[in-house]
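Morning, everyone. Have a look at it first, and then I'll start.

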Amino acid sequence: MAFQFLKKAGMGLMLAVWSLAAHAEYAWNFPKPVTPMAADTLLVHNKFMVIIMVIFVVVLGIMIYSIIRHRKSVGHKAADFTGPSTRSQVIWTLVPFAILLYIDFILMGIPAYHSVVLMEDTKNDSEMVIKVTGSQWRWQYEYMDGEAQGIKFVSNMTTPQEQIQNKTEKGEHYLLEVDNHVVLPVDKKVRILLTSNDVIHTWWVPAFGAARDAIPGFLRETWVKIEEPGTYRGQCKELCGKGHGFMPVVVDAVPEEQFKEWVASKKTEMSAASAGADKEWSKDELLTQGKAVYEKNCAVCHQPGGQGMPPAFPALTGSKIVTAPNFDADGKLMKDSHIDRVFNGKGMMPAWKGTLSDTDIAAVISYERNALGNSMGDLVQPSQIKALR
Amino acid sequence: MTTQTHEGHYFVPNPSIYPAILSTGILLLVAGFILSITPDRDQTLAYLATPGKGMMLAGFLAIIYVLFGWFGKIVGESEGGKYKKWEDRSFRIGMIVFIASEVAFFAAFFGALFYMRVISVPEIANFDPQFTPYKDFLGTWPSAGPGGTVLGTEYKVPQFTPMGAWGIPAINTLLLLTSGATVTWAHWGLLNSNRRQLIIGLMMTVALGIAFLFLQGYEYHHAYSELGLTLGSGAYGATFFMLTGFHGFHVTLGTIMLIVILARSMKGHFTADHHFGFEGVAWYWHFVDVVWLLLFVLVYWL
Amino acid sequence: MSTATAAHHHDDHPTGIMRWLTTTNHKDIGTMYLTFSLIMFLVGGSMILAVRAELFQPGLQLMQPEFFNQLIGVHALVMIFAALMPAATGFANWMLPLQLGAPDMALPRLNNWGFWLLPPAAILLTAPFILALFGIGDGAIATGWTFYTPLSVQGGIGVDFAIFAVHLLGISSVMGSINVLVTIFNMRAPGMTLMKMPLFAWGWMITAFLLIATIPVLAGAVTMLLTDRHFGTHFFDAAGGGDPILFQHLFWFFGHPEVYILLLPVWGLIPHILSAFSRKPTYGYKAQIYSFWAIGILSVVVWAHHFFTVGLPIPALLYFMYSTMAISLPLAVLFFCWIATMWKGSMTFETPMLFATGWIILFGIGGLTGLILADVAADAQYHHSYFVVAHFHYTLFAGGIMGIMAGVYYWLPKMTGHMYSETLGKLHFWLTAIAFNVTFIPQFFLGLAGMPRRIPDYALQFSEFNMISTIGAFTLGLSQLIMVYNIVRCVRGGKKAEAKVWEGAEGLEWTLPSPPPYHSFTEQPVIK
Ligand code: HEA
Ligand code: HEA
Ligand code: CUA
Ligand SMILES: [Cu+2]
């Protein structure tokens, strides 16, 4: 055990030294900025770092000088001044005060003022608005205006459990990969509205220099104007429960034309999906779709096999709710029925009506009723869900 | 066990078991309370509620036992002449600091009231009209919020009538102000060695305190049964009941303390130049009084 | 402990466990506080070692995310409320009567109660872990030490336990503060005016004021959390007109002053050590007192720098940024005075002095990084990243715990009557200082490179630094065992300590024998 640890530690140290050299470029400082705000923050940060390092070295220097010169072992006799009483002592005492006054409010204070104003300037000249909604533990995106208006999707982490549990090799973008990237045009000022469905999350992409909390029931905003095409990755950075480490943000910044193409293709995809909601789905179709939805959205809590993690997260296998009918004799949806629970949530259980499409909800409910050890035999059709909206 | 000093002897009490029992009692009380409220959120833990209630009771009894024992001991020491000027000054400073900490406690709730009324409610009403989820919510006070689904439970905005200032609350203000005067009058009696005035003054104060509590109880009943105003009535209900409730709790404590010193006065305790027990309680009562005035203005009136 | 050695005619107290349960003696109570603090330091440290082990490599190896979240929150609560604060209160109990020339603390029974509230609080904090083992509830509070709503509204039974633990800790702190203030105002030896009082007493006085002003606000905040959880109020919930950010305001109105509550006693004690080992009077006694006041006052008006990213209006952002930066001004004065105390002295470097000088440098790093955190725009990047974690361990571990350790070595001979082992002490210092930097310097870089805090698993580019940090943390933890051993050895025996243990030490506590008699000053000294 101890030997193992030492071996690991030694290897770690070697690895570390090696990789410090290799990754020096990103590991020591903020990532390369791609928005005006990030550029500004990096500038401010670098400037402040230099300032505090100078203070540190100067003060440390004085102290070390004193430690070397004024010690008993070199025979230094102690003075007995107490001060600050003489004029020069008072001045000396006020010098660090004055220096810091200058640094705080002039050297650091003025650039900081400009950055704040820049950071909060979300509305002027903004060319596009998107809304980001945090929920445990995924981000939802909605395009609020322009040609992209109405595009709406959820973005889930795709890193497989096997990699997290160390059963398979970790991929290149371990923990920082999602199924649906947000696509934004470059060189356009995008106003980003933020809110949340449950607890506070923070939407953060380091390369954008933008981080803002998503607060349930409130609207917050920030903005980005990405200057270079590319794929940018970030993470939620407000503790939001057990999945906090697993809700990445991935943004694709693309040139204007490509963005238009993406919008067009997304629109077609959406109209196909809504057409799908009206058609009658077969059992196989529903269950295949449902399995996918389940594994992506529900398995975190209810576990892949449906056994849940009682007492926090109930088992779905044999659950009273899953094995009960959804509609009463008059065809009305019953309270605390399976559909009601998935649609509207309760306590820790999220309400999925805002997050999943009609098809997905219908599919996952059908799946739960006919798999995971349950065999109710009935199916829920997307049109039935659509009718509830 | 006393110590020779320039100011005379400073009294250092003998070892005492009361603090340890008190802490144990408190531990039982709060742990029991936690267990007894578990079913609120998690039905699978409902079986803890009964043992929880038992623990609460045991803790409560331990606390009561200590209160009697500890305070009894202090009274005994005081009457036994252990406390001189020097000790007396310690108690005074201690009491002032303690009341200061109580002020800070109430400040938290006044802060919450201020924040909701001046900041959060208007903010919720004033989001960008293009995107706001609360289209027809007006940020006027009193408010129970815009409603919505919170952590999976739907909250429907309750209809309620806010509490007016000029009925019972105004009477209660008068009661408390008068009681502040009567306790001061009693103090004068004490200072002039007029024991009759002291006792009558205290009796009136106790009576006024009880009348206040009675009226507040009635007011709460009225709020719940007729006005539809409950703890769950959003921002207004929460701040209203928490502020007035904690205040009422302090009035209750104050009244009990007043009854104790009334009994002590009747037994002939306290002299014109040695009566910290009386003064401590009087200060506390004035503090409760001032908090009420703030409540009256900020919660009921404005 | 050796103060038990009999033969003083006042020593008529019970023995065995009853002595400790019932004591009204400031030294006994001080000893209990310090022992409790040491135990809880080891408990809190063990928790975070488990966390660091999990973070040794990417992927989940040892624990589930929920348990991880519970460990970090309880680590922080234990370290702050049950290790650092009781250590400072322990010193106050031991040393204030000695330094002020008083027979005891002013309110001895209350003092005892103040201590005996702590073990129940510690039980409440940790009990949910044990209950969870028996299938009751889902473990301790998993929201971090900050209780942020609505996560804490959503959480399980552990949150309720933590709420009441905070209540008890709060009552304990208020009782402690009452005692300190009364002792300072009423028990000083004749002739010792406030402006002749030792700096340690001054630091504690401001600490006590801050505690009185802020701890009850925290109590109020968690009470609102409790009613939101169980009694249907909507303080922190937009649907009812409340606001989760209200909780953050209330929490940090307490939370920011809290960091100075933790450090003011240390800022009071370090000058004593610097002056003793430089054999030179303290420089700028008055300037330091004014700085304490300035820090105390400023500390209650800067709280929102902990949540710049929630979207405050611009004027609020600017106000909180500039007022936060202003705190560096009095601190610059303090740093100047500390170094001026050493300047032209005749220094020797016994363990307390090593800790004190090392402390200046390491706390300097913590303070300077705090200064840049105050910048709103850059804070969007720093916030909730490991950069902040590194900042506050430089202030809390280096600034707090290492400062307390300096005090432990400085006063241990006085308290026990024996000298500790200087060799082990020095070894402890060097190992601690080095391992500490190995642990936390990488975290600055992790933060800048974009690693958020409070995550159980991280992206691959953060692997190497995390590995180094974990190795540092384990070394740091093991090094503390040296101190534990040294203390135990010193309590049990060793070279006899003089009354005036250190050549250059000044103050009333050094006029009493080591260890001091059971009742400190039977005759109050007169200060000229
Ligand atoms: C004891 C603890 C302590 C202390 C003293 C401080 C001191 C300071 N802190 Fe820190 N801080 C914390 C504990 C502490 N902090 C904790 C625990 C958190 C995180 C809480 C959480 O989220 O969980 C935090 C977080 C925190 C934040 C929020 C970051 C974020 O979450 O986004 C900010 C922002 O402004 C900040 C600022 C400051 C400032 C300006 C000081 C100032 O007081 C510093 C003043 C000091 C100086 C300016 C140094 C002056 C030095 C010299 C002049 C020379 C020195 C050099 C040598 C001797 C070589 N702190
Ligand atoms: C006084 C306060 C204090 C102290 C002393 C410490 C001490 C330490 N802290 Fe802590 N810490 C906080 C206050 C403190 N911390 C706070 C407020 C947070 C924020 C929590 C939150 O996010 O809510 C935090 C969070 C925090 C994190 C971030 C967790 C996260 O965000 O995911 C980390 C990570 O490395 C960490 C590490 C350490 C380490 C390695 C020590 C070491 O210094 C500990 C050294 C001591 C020991 C290790 C114990 C002694 C030895 C033994 C028990 C013997 C056995 C040892 C072996 C067998 C090796 N701390
Ligand atoms: Cu979402 Cu953290
Ligand atoms: Cu702070």
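**Ligands, metals and a cavity**

Let's begin with ligand 2: the residues of its shell divide into 24 nonpolar, eight polar and three charged. On the classes, Ala, Val, Leu, Ile, Met, Phe, Trp, Tyr, Cys and Pro count as nonpolar, Asp, Glu, Lys and Arg as charged, and the others, Gly among them, as polar.

Quick housekeeping. This is a predicted model, where local features need pLDDT of at least 70 and side-chain atom pairs count only at pLDDT 80 or more, while totals for chains, interfaces and linings use all residues. Residues are numbered from 1 along each chain as its sequence is written, chains are lettered from A and ligands numbered from 1 in the order in which they are written, and side-chain values use heavy atoms, with hydrogens and water left out.

Back to ligand 2. There are 35 residues around it, and Arg52(C), His75(C), Trp145(C), His393(C) and Arg454(C) come nearest; a residue is near if one of its heavy atoms lies within 4 Å. For polar contacts (pairs of N or O atoms within 3.5 Å), a polar side-chain atom of His75(C) sits 2.8 Å from a nitrogen atom of the ligand. Trp145(C) uses a backbone N or O atom, 2.8 Å from an oxygen atom of ligand 2. Domain 1 (23–197) and domain 2 (355–517) of chain C both give residues to this shell, so ligand 2 lies between them. Those domain bounds come from an automatic or database domain assignment.

Now ligand 1. Which chains surround it? Residues from chains A and C do, so the site is shared between chains. Its shell counts 32 residues, the closest being Trp145(C), Tyr260(C), Asp379(C), His383(C) and His391(C). H13(C) gives the largest share, eight residues; helices here are DSSP runs (H or I, at least four residues), numbered from the N terminus. As for contacts, an N or O atom in the side chain of Tyr260(C) is 2.5 Å from an oxygen atom of ligand 1, and a polar side-chain atom of His383(C) lies 2.7 Å from an oxygen atom of that ligand.

On to the metals. What holds the iron atom of ligand 1 on the protein side? The only protein donor is His391(C), through NE2 at 2.2 Å, and His391(C) lies in helix H15 of chain C. Donors are N, O and S atoms within 2.8 Å of the metal (3.2 Å for Na, K and Ca), and water is not among the atoms, so sites may look incomplete.

The copper ion, ligand 4, is 4.5 Å from that iron atom. Its protein donors are His256(C) (ND1), His305(C) (NE2) and His306(C) (NE2), 1.8 to 2.1 Å away. His256(C) is in helix H9 of chain C and His305(C) in the loop between helix H10 (285–299) and helix H11 (314–326), so the pair ties together parts that are 49 residues apart in sequence.

A cavity is a set of points on a 1 Å grid over the protein atoms alone where a 1.4 Å probe fits but cannot get out, and lining residues have an atom within 4 Å of a point. The largest cavity is lined by 19 residues, with Met85(C), Pro86(C), Thr89(C), Ser173(C) and Leu211(C) nearest its centre. By class, that lining has 13 nonpolar, six polar and no charged residues.

Definitions and conventions:
1 Å grid on protein atoms, 1.4 Å probe; cavity = no way out; pocket = protein on both sides within 12 Å on 5 of 7 lines; lining within 4 Å. Polar contact = N/O pair within 3.5 Å; in protein donor to acceptor, adjacent residues only side chain to side chain. Helix = DSSP H or I, 4+ residues; strand = E, 2+ residues; numbered from the N terminus.
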